[in-house]
Amino acid sequence: MSASLEDLLNMEPEEIWKRNERPTPDQIRSKQQIYYEDIEEGLELPKYIYKPTPTHLFRWSAAIENFHRIHYDLDFGLNHDKNPSILVHGSWKQSVVPQFLKDWVAPTGWPWKARFEHRAMLVPGDVLIMWGIVTGKEEKSGMGIVELDIGMKTHDGVESMPGSATVVLPLRNGPPIPYPFVAPIS
Amino acid sequence: MTQQTESALTPEVKAMIGVSGEIVESWGVVDLEYSRRFTQAVMDPDPMYWDEEYAKQSKYGELTTPPIMVSYMSSRVPPGEPDVVTQAFEDNPMSDGIGDVHKHGELPPVPTNLVRVLNAGNELELYRYPSIGDKIKFQNRYSDIRERVGRDGKPFLIITRETTYWNQGDEVLCITRASTIRR
C-alpha cells in the first residue's frame, strides 16, 4: 500500500527507499487511465524515491553536457565553492517533474504546467522523495483541470523544490484531450 | 529620517522587458541515442521512448521523447567551433567548468550593477512531445523583470528569461521560464 508523505518522513532512509513507487516499463504499459471524476482534493500521487550517488550525478552531467564542476569535482566543490559535497543538479530535479506528472496522467492525460523553486542543496547520501498532492480541480472546455502541490523532500523533511503544477485528465464520458495540447479557454 | 533607496528597476532595466534573442537552430536532431542517454540519466524507463510497437498503439502513434529534453540541446556547441572547455581553463585555471563562453541565442545582459546571481525558480509549459528526427529551434526573451526589497532594505531584481522551443514545423513544443535574483 502507498505510504503517505507524512508516514514516509517518519521512516528511516532505507525504509523510505523500499517504498519507491516509480513504475517499471510493464507497470506503465498496463496503467489504467485515471479520470477526473476519480480524484479528490487531498489525494497523494505515488512517491518517486531516489538515492543519488556521485555516479548518478556524473551520468546526468554527461547526458546533458553540463560541465559545471560543482556536480562532479568534490575537491572543487568543497574547497572552492565551499559546498558540503558535490551537488545534485537543479536541471535533474526539473526533469523529474514532467516525468512524475506524465506518468500519473498517462496514458491519455496531459502534464501541462509546473512551477517550482530550488531551495536546498541536495547531495549524494540524501534519499529524495518526489511528491504531489491534489489541491483543486475544475472542469474546463471538456477537460479535467487538476491543481497539485508538488515538491522534492529529503529523508529528513527538508523541502528542496516547493512548487505547484496543473495537469489535465480526461472526463469519464468526455472528449479526448487534444494533442498537441491546446490550453482550455479561461 | 529614513534614507531614500535608489530603485534597481531603472528605465534601462525596464527597457529590457520583452527583449528577444535571435531564433537559433540547435545542432543535430532529436535522436534515439540522445533519448536513451537522457532517459536513463533521469531514470525514466517509459516504453513510449523506446518500444515502437507500444508507442504505435498509443494516443501519440509514435515514439516520443521527454518534453524538456530539447531544452538541453540548446547549449550544444556545434563541431568545428572552438573547444569551450579548453578555453574556459585557458581563461581561468580555476574555472568552474563553464567559463564565460558566449552561447548562441543568448540575451544581452541586463544593465544593472547588482552582480550576485541566485536561482529563483523555474516554470514549464508543455504542449507537444518532441519526436524522433525533430529539428529544434529556440528563442530567449526577457519576459519579466520585477523589483523587490530585501529584509536589509536594499532593492533586488527578479529577472525571468523565457525560452520557447519549436519543431521544424513551427509547432511549440514547450516553454520554459527561469527566474534569477540579482542582488
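What is the relative accessible area of Arg29(A), and is this residue buried, partly exposed or exposed?

A: The model is predicted, and for that reason local features need pLDDT of at least 70 and side-chain atom pairs count only at pLDDT 80 or more, whereas totals for chains, interfaces and linings use all residues. Residues are numbered from 1 along each chain as its sequence is written, chains are lettered from A and ligands numbered from 1 in the order in which they are written, and side-chain values use heavy atoms, with hydrogens and water left out.

Arg29(A) has a relative accessible area of 32% and is partly exposed, on a scale where buried means under 20%, exposed over 50% and partly exposed in between (1.4 Å probe, protein chains only). Its salt-bridge partner is Asp26(A), with the closest N and O atoms 2.9 Å apart; a salt bridge here is a side-chain nitrogen of Lys or Arg within 4 Å of a carboxyl oxygen of Asp or Glu. Asp26(A) is exposed, at 53%. Both residues belong to helix α3 (residues 25-29) of chain A, where being three residues apart separates them by about one helical turn; helices (H or I, at least four residues) and strands (E, at least two) are DSSP runs, numbered from the N terminus.

The structure holds 23 salt bridges over all chains, and another of them joins Glu125(B) to Arg177(B), whose closest N and O atoms are 2.8 Å apart. Because Glu125(B) lies in strand β2 and Arg177(B) in strand β5 of chain B, this pair ties together parts that are 52 residues apart in sequence. Glu125(B) counts as buried at 13%, and Arg177(B) also counts as buried, at 14%. Both take part in a network of salt bridges that links Glu123(B), Glu125(B), Arg141(B), Glu162(B) and Arg177(B).

The strands that carry this pair, β2(B) and β5(B), run antiparallel and are joined by nine bridges, with Val117(B) standing opposite Arg182(B) in β5(B); two strands pair if DSSP finds at least two bridges between them. They belong to an open sheet of ten strands with antiparallel pairing, in the order β1(A)-β3(A)-β4(A)-β5(A)-β2(A)-β2(B)-β5(B)-β4(B)-β3(B)-β1(B). At its edges stand β1 (48-50) of chain A and β1 (24-25) of chain B, each with a single partner strand, so one side of each is left without a neighbour in the sheet. Where the chains meet, four bridges join strand β2 (residues 110-116) of chain A to β2(B), again antiparallel, and Phe116(A) stands opposite Asn122(B).

The contact (heavy atoms within 4.5 Å) takes 42 residues from chain B and 43 residues from chain A. Between them the chains bury about 4,000 Å², 57% of it on carbon and sulfur atoms, where buried area is the accessible area (1.4 Å probe) that two parts lose on being put together, summed over both. Three salt bridges are counted between chain B and chain A, and the side chains of Lys102(A) and Asp46(B) meet in a salt bridge of 2.7 Å, N to O. On the side of chain B that touches chain A, the elements giving two or more residues are α2 (32-42), α5 (84-91) and β2 (117-126) of chain B, and β2(B) gives the most, with eight residues.
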